[in-house]
Amino acid sequence: MTAMSMRGRARLTVVSAVGAGEWPSHVRVRVARAEDAAQVRAMHERCSPETRRLRYFTSAPRLPESALSRLLVPEHGVSLVAVAPDGAIGALATLFHPAHESVGEVALLVEDGWQRHGLGTTLLRSLVEHAAARGASDLRAHVLPWNRRMLALFDRAGLVSRRGYEDGVVLVEAEVPPGVLASGRCA
């Protein structure tokens with residue numbers, strides 16, 4: 001799917017364990033599976049070095065197999081993928097949330113050509129729903145200080161966030177809004 005075909009506002013169906021909603025585009029968001037490994041690996045390789053650096057704090061073109069497995073099917077959490085009609089995966093969003101912990105950590109990677117169309121916002125909102133379903137009361141993300149789009153993502157998703165510095169990166173924290181599952185919205 002090209003950036004040009006993503007510009008139009010068609011329909012995206014968000015499919016998750018906590019319900020379905022609609023969003024503009026022809027992209028489906030669903031829970032990631034181990035079988036997605038080849039498509040996710042290909043997506044990582046298509047990302048620019050800067051996009052990979054903003055997500056992983058390194059621009060390495062290939063993820064180690066063990067890291068790919070942990071991202072796709074995290075032992076404690078859930079990952080979502082955005083899938084084009086042709087089966088190509090263009091985004092990966094992960095919630096790491098160990099049982100009995102109150103805080104979940106979120107991380108997103110959206111392929112360069114899929115950026116700036118609201119997909120990251122949709123993915124973060126979906127992760128918030130999953131966090132609420134898992135009992136998390138707060139979310140956090142570690143973000144490089146110059147990653148302005150990720151820093152603004154929490155605001156776009158309707159989350160009130162706090163920011164501080166930890167080990168040279170920005171620690172963004174936000175409360176999971178009460179009633180998220182009942183309303184299906186973050187704000």
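These legends describe close-up views of a predicted model.

**View 1. Strand E9 and its cover.** Strand E9 spans residues 169-175. Five of its seven residues are buried, so the strand is mostly covered, buried meaning under 20% relative accessible area. In a regular strand the side chains alternate between the two faces of the sheet.

**View 2. Strand E7 beside strand E9.** Strand E7 runs from residue 138 to residue 143. E7 and E9 pair in the antiparallel sense, and six bridges join them. Which residue of E9 is the bridge partner of Val143? The partner is Val170.

View 3. Strand E8 covers residues 161-166. E8 also pairs with E9 in the antiparallel sense, over six bridges. Across this pairing, Arg162 stands opposite Glu173 in E9. How many residues lie between E8 and E9 in the hairpin? Two residues separate the strands. Asp167 sits in the turn and has a positive phi of about 55 degrees.

**View 4. Salt bridge between Arg62 and Glu45.** The structure holds nine salt bridges, and three of them are shown in this view and the next two. Side chains of opposite charge can pair when their charged atoms come close. In the pair Arg62 and Glu45, the closest N and O atoms are 2.6 Å apart. Arg62 lies in the loop between helix H3 (49-56) and helix H4 (65-72), while Glu45 belongs to helix H2 (residues 37-46), so the pair ties together parts that are 17 residues apart in sequence. Glu45 is partly exposed, with a relative accessible area of 38%.

View 5. The side chains of Arg140 and Glu105 meet in a salt bridge of 3.3 Å, N to O. This pair links distant parts of the chain, 35 residues apart. Arg140 is in strand E7, and Glu105 is in strand E6 (residues 103-110). Arg140 has a relative accessible area of 30%, so this residue is partly exposed. Glu105 is at 24% relative accessibility and therefore also counts as partly exposed.

Definitions and conventions: Residues numbered from 1 in each chain as written. Predicted model: local features only at pLDDT ≥ 70, side-chain atom pairs only at ≥ 80, totals over all residues. Heavy atoms only, no water. Buried < 20%, exposed > 50% of the residue type's maximum accessible area, 1.4 Å probe, protein only. Helix = DSSP H or I, 4+ residues; strand = E, 2+ residues; numbered from the N terminus. Pairing = 2+ DSSP bridges. Salt bridge = Lys/Arg side-chain N within 4 Å of Asp/Glu carboxyl O.
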